[in-house]
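Subject: Handover of a structure and notes on it

Dear colleague,

Please find below the structure that I am handing over to you.

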Amino acid sequence: MTSKSANKMWGGRFSASPADVMEEINASIDFDKVLSPQDIEGSKAHAKMLAEQGIITKTDAREIVRGLDKIGDEIAAGKFKFSAALEDVHMNIENRLRELIGPAAGRLHTARSRNDQVATDFRLYVRDKIDGFEAALTSLQHALASKAEAHADTVMPGFTHLQPAQPVTFGHHLLAYVEMFARDRGRFDDARTRLNECPLGSAALAGTSFPIDRAQTADALDFDRPMANSLDGVSDRDFILETLAAASICAIHVSRLAEELVIWSTPQFGFIVLSDQFSTGSSIMPQKRNPDAAELTRAKIGRISGAFQGLLMVMKGLPLAYSKDMQEDKEVAFDALAHLHTALLAMTGMVGDLKPVPEAMKAAAGSGYSTATDLADWLVRELKLPFRDAHYITGQIVKMAEDQAIALEDLALSDMQKAEAGITKAVYSVLSVENSVKSRKSFGGTAPQNVRKMAKRWLKRLEKDLEKV
């Protein structure tokens, strides 16, 4: 069913409004209204530039800015009525501007198109989100580094294949995530640098015949420069693809840490206790203490990675310049970036509140013959054996201890000497988990002195970073 009246947004070319289903599939206001602050900011910069260039009068520009400020206040107060009939955030704001200031509102759209308008709004939005990630990631790193410093000496098992491998410290384990999130910050920073060019003034696709000053609007909106090609300006979505790629990698790191919190909080491990603030109970089993916050955080990678993959598929076959397909870039991006931010905040809270159980960690660190490598290293260092020979001998000794169901440090010296006659009682000095971690003094190793030094270094840097954000 269609209306007989023309759609005023599209001018005189159309004699009838679109079908109801066309309005439904075409409208984006339900999700792109979150761009309202950026749309108003971009429009104010555009109006001021038009006046400076003599394209519109300064009186009209002042009225436009005044009206846009009022609209911004209405939106912030929840008093603005968005209409699906007006399609998108741009036309909703422009329509309200006309109600407020009259015909002067129609001059705002001089020398621009919704194509460069939305590209500008979206870049401003993504830039704001990246700045939010910088703050959230820095806070998460700080929580991890603080906990790492406090537990630089707390011994726990290090794993490969989720099997006990070698003892490490809890602080060393947490600092691994500090490094991961540092790389995430770097990726977001790189993405921000590349997106910080202004599409405004590209108009529909070919630029404009009006004598606009694109450098002025770029500067007013804190972009580094205008985009150099108008076709690229309206059709590029690299900036959100790159941001979603960085978000996906970051979400993987959050998910891996969340998975460890889930595992560590089980009675079978018992390495940590999550606080009541980040746990839930069961409606039927009164004993349950569920790590729901960690589980939900772990699950966020699905929607974030899905948004990245989905947008790749949208963009893969689009010819230059703008196509309506690009409307699909926003809803998934808004969702993904919002959920990553929530996940980062939740993880920061969990890390800050969790309580390690050092006794359980230490007991587990000694299981699975985790100091076997220390024994092999001792054979190389003290008896000058080739490492491969030492590896074979150590395997024999581990088998002896396993057959007797005892720990390596409890195996009799005489039994060890059956595998290698040169072994002396000095070997017992390397078989405890405490001595094992203390010996790992190489740069980046788990020795408590290393961990403490690295944690302090990170905290000093992160505290400076937090002052900036």
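The notes below describe some helices, their packing and a few individual residues.

This is a predicted model, in which local features need pLDDT of at least 70 and side-chain atom pairs count only at pLDDT 80 or more, while totals for chains, interfaces and linings use all residues. Residues are numbered from 1 along each chain as its sequence is written, and side-chain values use heavy atoms, with hydrogens and water left out.

Helix H15

Helices (H or I, at least four residues) and strands (E, at least two) are DSSP runs, numbered from the N terminus. Helix H15 covers residues 387–404, and its 18 residues should span 26 Å at 1.5 Å a residue; the expected span is 1.5 Å times one less than the number of residues.

A residue is called buried under 20% relative accessible area, exposed over 50% and partly exposed in between, using a 1.4 Å probe and protein chains only. The buried residues of H15 are Ala390, Ile393, Thr394, Ile397, Val398, Met400 and Ala401. Because they cover an arc of only 155° around the axis, they lie on the same side of H15; the arc is that of the directions from the helix axis to the C-beta atoms. Arg388, Tyr392 and Asp403 are exposed on the other side of H15. The buried residues of H15 pack against helix H14 (372–383) and helix H16 (413–419). After H15 comes Ala405, with a positive phi near 55°.

Two helix pairs

Two packed helices are described by the angle between their axes and the distance between the axes. Axes are lines fitted to C-alpha atoms, for helices over the stretch in contact, and angles run from 0 to 180 degrees between N-to-C directions. Helix H10 (residues 238–264) packs with helix H11 (residues 292–315) at an angle of about 160°, and their axes are 8 Å apart. H10 is therefore roughly antiparallel to H11; angles under 35 degrees count as roughly parallel, over 145 as roughly antiparallel, 65 to 115 as roughly perpendicular and the rest as oblique.

For helix H3 (residues 36–52) and helix H6 (residues 114–150), the angle is about 120° and the axes are 9 Å apart. H3 is therefore oblique to H6. Contact means heavy atoms within 4.5 Å. Gln38, Asp39, Glu41 and Ser43 in H3 meet Gln117, Asp121, Leu124, Tyr125 and Asp128 in H6.

Individual residues

Pro356 lies in strand E6 (residues 355–356) and is buried, with a relative accessible area of 17%. Leaving aside neighbours within four places in sequence, Pro356 is in contact with His151, Phe170, Phe271, Ile272 and Met361. Val273 is 83 residues from Pro356 along the chain, and their C-alpha atoms are separated by 6.4 Å.

Glu87 is not a glycine, although it has a positive phi of about 75°. Glu87 is in the loop between helix H4 (58–76) and helix H5 (89–101), and is buried, with a relative accessible area of 6%. His161, in the loop between strand E1 (155–160) and strand E2 (163–169), has a positive phi near 60°. His161 is exposed, with a relative accessible area of 76%.

Finally, the peptide bond from Leu320 to Ala321 is cis, with omega near 10°. Ala321 is found in the loop between H11 and helix H12 (328–353).

Yours sincerely
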